[in-house]
Amino acid sequence: MPAPYPWLMPLWSRLLAMRKRLPHALLLAGPRGVGKLELAKNWARSLLCERPAPEGEACGECEGCHWFAAGTHPDFMHLTLQEKETREGEIRIASDISVEQARQAVDFVQLSTYRAGYRLVLIEPAEALNTASANALLKVLEEPPINTVFILVSHQPRQLLPTILSRCHKLEAGLPAPTALDGWLEQNGLEGKALAWTGGAPLAALEAQNEGEMETRQAVLDALSAAAGIDGLALAESWNKQLAARTWHRISYKWLLDLLACRLGGRALYNPDYQTVLSGLARLVELGKLLDFVRRESESGRWVEHPLNRQMVMEAWLIEYGRIFEGAGR
Ligand SMILES: [Zn+2]
């Protein structure tokens, strides 16, 4: 089993080489959408393989490999966000990894290993550990039982408790260099604008393209291109019905960031295909108002989720958006 993606080859080699001297805890950190989770799983599989290749790669055929592929390896535990049912019967993803889950992991590593090999606990996203669950894990992270390895995966390692961070050996999985994506983009039919949209994270770009976010983005941006001429009430009503709050927030926020970049004389980072429109709009923008708007928007991702006032939030956003074009540059 090779590296899951071509741009992860160098990191994959380093992971395989670590087999000779394994850390108690490894932290794989880096932006969303670069393949960290797949990399962590491949590494776990290679450690649980009972007949690894000389370089350490999993054989894909032994009992350990089969169990791992089926998600039933008795020496592997995956700690992640669980689905839970709300009182209204909706299925939601929990916002943190609970202390009960952490305690289960502590119990798990105290058992003797089933296959007399390694015992692995994958924690992802590790920033979802809350104070209680992180504290429950501290002792085993510091002095884990023999042959036990914790693998933490995180998009936001700065949110981890310092006490957790200090116990981990850290590896960075950064954004791939464009040359590392040669061939892969074509193979997957990925357009450059999707890659730009996700700031260069290839897997996030693939998801955005395959799940229709690029079309949604285009519809929203075409509407926003009308600037002060927008009908905020009508748009908010239709967007509230059609768009998930998070998608809308992501699209509108990146648009503001691009507008700001252009107003400051730079170029659009996320929406380079709208460069001409953005350059035109940037000339009409009042900088102070735009800066205020961007600053507040960066914090509003949380309350936009509330279903009752979502339409009002969008309406207010659109009204404020129209106002940043008032008064300047005319
Ligand atoms: Zn194997």
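Strands β5 (residues 119-123) and β6 (residues 148-154) pair in the parallel sense over five bridges; strands here are DSSP E runs of at least two residues, helices are H or I runs of at least four, and both are numbered from the N terminus. Two strands count as paired if DSSP finds at least two bridges between them. This is a predicted model, in which local features need pLDDT of at least 70 and side-chain atom pairs count only at pLDDT 80 or more, while totals for chains, interfaces and linings use all residues. Residues are numbered from 1 along each chain as its sequence is written.

**Domains**
- The protein is divided into domain 1 (6-174) and domain 2 (212-323), with bounds that come from an automatic or database domain assignment.
- Taken over C-alpha atoms, the centres of the two domains are 37 Å apart.

**The sheet**
- Five strands form an open sheet with parallel pairing, in the order β2-β5-β6-β1-β7.
- β2 (76-79) and β7 (169-172) stand at the edges with a single partner strand each, so one side of each has no neighbour in the sheet.
- On average, neighbouring strands are turned by 15 degrees against each other, direction ignored; the axes are lines fitted to C-alpha atoms, for helices over the stretch in contact, and angles between N-to-C directions run from 0 to 180 degrees.

**Strand β6 and its partners**
- β6 is joined by five bridges to strand β1 (residues 25-29), and the two run parallel.
- I151 in β6 is the bridge partner of L26 and also that of L122, while V149 in β6 stands opposite L120.
- Seven of the seven residues of β6 are buried, so the strand is largely enclosed by the rest of the structure; buried means 20 or more other C-beta atoms within 10 Å of a residue's own, exposed means 12 or fewer, and partly exposed lies in between, with C-beta atoms placed from the backbone.
- In a regular strand, side chains alternate between the two faces of the sheet.
- Here, buried T148, F150, L152 and S154 cover one side of β6, and buried V149, I151 and V153 cover the other.

**Nonpolar cores**
- The largest nonpolar core has 47 residues, of which A44, L120, I151 and L152 touch the most other members; such a core is a set of buried Ala, Val, Leu, Ile, Met, Phe, Trp, Tyr and Cys residues joined through C-beta atoms within 7 Å.
- Helix α2 (residues 36-48) gives the most to this core, with six residues.
- Apart from this core lies another of 32 residues, including V220, A236, Y270 and V277.

**Helix α13**
- V277, L278, L281 and A282 are buried in helix α13 (residues 275-282).
- Seen down the axis of α13, these buried residues fall within an arc of 130 degrees, so they line one face of the helix; the arc is that of the directions from the helix axis to the C-beta atoms.
- They pack against α12 (245-263).

**H155**
- H155 is found in the loop between β6 and α6 (162-165).
- With 17 C-beta neighbours inside 10 Å, H155 counts as partly exposed.
- Not counting residues up to four places away in sequence, H155 touches P31, R32, P125 and E127; contact means C-beta atoms, placed from the backbone, within 7 Å.

How values were computed: Two residues are in contact if their C-beta atoms, placed from the backbone, lie within 7 Å.
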